[in-house]
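This report describes the secondary structure, sheet pairing and helix packing of one protein model. Please read it alongside the sequence and the structure shown here.

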Amino acid sequence: MRGYSAASSVRFGQEPFPYFEKKIMTLLTQELFPDEDPSTIVLERMRGGTYNRVVGVTIGTGDKQQRLILRVPRTKDFCPPTQLALIDITEDIAPLLFVQKAGIPCPEISSFDHGLSNPLGLPFMLQKRVKGTCLLDCLHTLTHPQRRRLAQELGVAYRKMLATTSSVPGRIIIDKSPIQSGPPADDWKIVPFLNGIFKKRQEVTKPTVEGNKYIALYAKHRKYIDNLRRKGLLDSSRISYCLTHGDLWPRNVMVNPDAAEDEPFLTILDWDSAMFLPSFTMAVPPVWVWDPEYYTEPEHDHFDRDPSDPWKCELKQIFERAAGREYLRYSSMHDYKYMRRVIMEHAVRGVKIR
């Protein structure tokens, strides 16, 4: 009998893996891959996250072998049906499907079911397994040619995200409700949109000693937004809403150092926080591409400055050429930096538009 750790099953109050494993095999052999020889299917228990159980799936052998990742929401054992019905993975699926069509490197969805009528009795998502290593684990050991590929491909991904635009802000979800008319078009312009968020926050914040600090902060943000409006920096002809990852740091990037020239070198993970936001929010300089020491730092004023080291400067230039002029405009201007670092971190919380 294969040994296993029951730690996560106990911690999250879910059924032990040996029982869960049998359900997975039923799902794979009877519904998803009925023509495959069950003896060629291998399951690998992997470390999951707070919200998902993760299982590696290998199917077939030789050139036809498929390597996949199964993600299933964590639930308490014997969870009542009323609670199971509330589990919704479409907000994880929708961004990935959208990003795939935009041509941005991300995990590819092989299959999914957002209902409960399957052998698992739970929603699930099956993704193609990404080749390579988490960039956070190899950031300091990549060769300079590999760093050049990283800079080039990440720059292209930035350019594509900036070019993927919407007339309204919000998260990417699968809308299962009937189509309804929304607020007037003027309400979606950037100035009314941002002002509306902070006005609402001022109204709902209780006037306590701590609350008054936030009320004053939101008022300061609104004043700054109005100042940028007068300068013309938030005019709709200059800024649109573009696809924004929301958490693009080395921990969410996979790289494949062994990739051939015609294969992708990087894949961007964790699109759960993806939104359409003002374009300047997508212009945070990924300084860790040319200076790995800043892989966990928030954005600072010096991030867009040219490094004194010529090797680092070369990497920065490769990235900027690939990312394009729009990125350069948003990344270097002080007002847009302030909007990204100070204002948007308060504004994006709770934004959810169908």
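This is a predicted model: local features need pLDDT of at least 70, side-chain atom pairs count only at pLDDT 80 or more; totals for chains, interfaces and linings use all residues.

Residues are numbered from 1 along each chain as its sequence is written, and side-chain values use heavy atoms, with hydrogens and water left out.

**Overall composition**

The secondary structure of the protein comprises eleven helices and twelve strands; helices (H or I, at least four residues) and strands (E, at least two) are DSSP runs, numbered from the N terminus. The protein has 354 residues, of which 45% count as buried; buried means under 20% relative accessible area, exposed over 50%, and partly exposed in between (1.4 Å probe, protein chains only). Among the contacts with a separation of 6 or more, 69% are between residues 24 or more positions apart, a contact being heavy atoms within 4.5 Å.

**The sheets**

Two strands pair if DSSP finds at least two bridges between them. Selected strand pairs are listed below.

| Strand pair | Bridges | Sense |
|---|---|---|
| E9 (residues 241–244) and E12 (residues 275–278) | four | antiparallel |
| E8 and E12 | two | antiparallel |
| E6 and E10 | two | antiparallel |

Leu 243 has Phe 276 in E12 as its bridge partner, and Arg 171 stands opposite Met 275 in E12.

**The loop between E9 and E10**

Asp 247 lies in the loop between E9 and strand E10 (253–255). Because its relative accessibility is 19%, Asp 247 counts as buried. The side chain of Asp 247 makes a polar contact with the side chain of Arg 251 at 2.6 Å; a polar contact is a pair of N or O atoms within 3.5 Å, where within protein one must be able to donate a hydrogen and the other to accept it, and residues adjacent in sequence count only if both atoms are side-chain atoms. Leaving aside residues up to four places away in sequence, Asp 247 touches Asn 252 and Asp 270.

**Packing of H6**

The axes of helix H6 (residues 144–163) and helix H9 (residues 310–323) come within 7 Å and cross at roughly 25°. Axes are lines fitted to C-alpha atoms, for helices over the stretch in contact, and angles run from 0 to 180 degrees between N-to-C directions. H6 and H9 are therefore roughly parallel to each other, the class for angles under 35 degrees, with over 145 counting as roughly antiparallel, 65 to 115 as roughly perpendicular and the rest as oblique. The residues making this contact include Ala 151, Leu 154 and Tyr 158 of H6 and Trp 311, Leu 315 and Phe 319 of H9.
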